[in-house]
Every structure is written in structure tokens, then in C-alpha cells.
Amino acid sequence: MDCAPVPKLIDGPDWVYEIKLDGYRAVAVKSDGGVNLFSRRRKSFDHHYPLIVEALAELPKVRSLM
């Protein structure tokens with residue numbers, strides 16, 4: 001999830017890009033034990049963003065493809 005400045009983007013069908021704006025990037029993991037929201041360095045964001053954690057917990061269960 002780290003981004004780095006480059007002089008030119010690599011082109012091709014295997015590359016996808018996103019614009020990085022100021023702010024936090026978080027990963028959410030939902031399991032039977034609830035929802036965990038954390039940074040790329042695994043710092044918990046649960047207590048910083050309880051409304052997001054609550055909203056994610058209300059999403060329906062998705063069937064795994066694996």
C-alpha cells in the first residue's frame with residue numbers, strides 16, 4: 001500500500017493505478033469475531049473510526065470464492 005513518486009507510469013493490462021489523496025488508508029477485515037479496521041502497519045483504527053466499523057459490521061456476509 002505504499003506509494004512512490006516515479007517519472008513515468010508503467011503501462012499494460014497488468015497494471016492498475018489509484019490516486020493517493022491526503023488522509024489515511026485502511027484495510028477492513030470482517031470475520032465471525034467482528035470487524036477490524038487497521039493501517040498498513042497493522043495499527044488499529046477501530047477506536048478512531050467506530051462508525052465505519054459499525055457500518056461494515058452491518059454489511060451482509062459474502063460467500064467466499066475459495
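Residues are numbered from 1 along each chain as its sequence is written, and side-chain values use heavy atoms, with hydrogens and water left out. As the model is predicted, local features need pLDDT of at least 70 and side-chain atom pairs count only at pLDDT 80 or more, while totals for chains, interfaces and linings use all residues.

**Confidence**

- The chain has an average pLDDT (the predictor's confidence in each residue, from 0 to 100) of 84, and 89% of the residues score at least 70.
- Confidence in the chain is highest in helix 1, at 94, and lowest in strand 1, at a mean of 90; helices (H or I, at least four residues) and strands (E, at least two) are DSSP runs, numbered from the N terminus.

**Aromatic pairs**

- The whole structure holds 3 aromatic pairs; rings of Phe, Tyr and Trp (its six-membered ring) pair if their centres lie within 6.5 Å, and planes under 30 degrees apart count as stacked, over 60 as edge-to-face and the rest as tilted.
- One of them is the edge-to-face pair of Tyr-24 and Phe-45, at 5.4 Å centre to centre with 65° between the planes.
- Tyr-24 lies in the segment before strand 1 and Phe-45 in the loop between strand 2 and helix 1, so this pair ties together parts that are 21 residues apart in sequence.
- Phe-45 also forms an edge-to-face pair with Tyr-49, at 5.9 Å centre to centre and 80° between the planes.
- Tyr-24, Phe-45 and Tyr-49 make up one aromatic cluster.

**Ser-39**

- Ser-39 is in the loop between strand 2 (34-38) and helix 1 (50-57).
- Its relative accessibility is 11%, so Ser-39 counts as buried.
- Leaving aside residues up to four places away in sequence, Ser-39 touches Arg-25 and Phe-45, where contact means heavy atoms within 4.5 Å.

**Surface patch**

- Val-6, Leu-9, Ile-10, Trp-15 and Tyr-17 form a nonpolar surface patch with about 520 Å² of accessible area together.
- Patch residues have over 30% relative accessible area and no salt bridge; like charges are joined within 9 Å, and nonpolar side chains (Val, Leu, Ile, Met, Phe, Trp, Tyr) within 5 Å.
- A salt bridge is a side-chain nitrogen of Lys or Arg within 4 Å of a carboxyl oxygen of Asp or Glu.
- Accessible areas come from the Shrake-Rupley method with a 1.4 Å probe, and for residues only the protein chains shown count as cover.
- Tyr-17 is found in the segment before strand 1 (27-31) and is partly exposed, with a relative accessible area of 41%.

Key. Buried means under 20% relative accessible area, exposed over 50%, partly exposed in between (1.4 Å probe, protein chains only).
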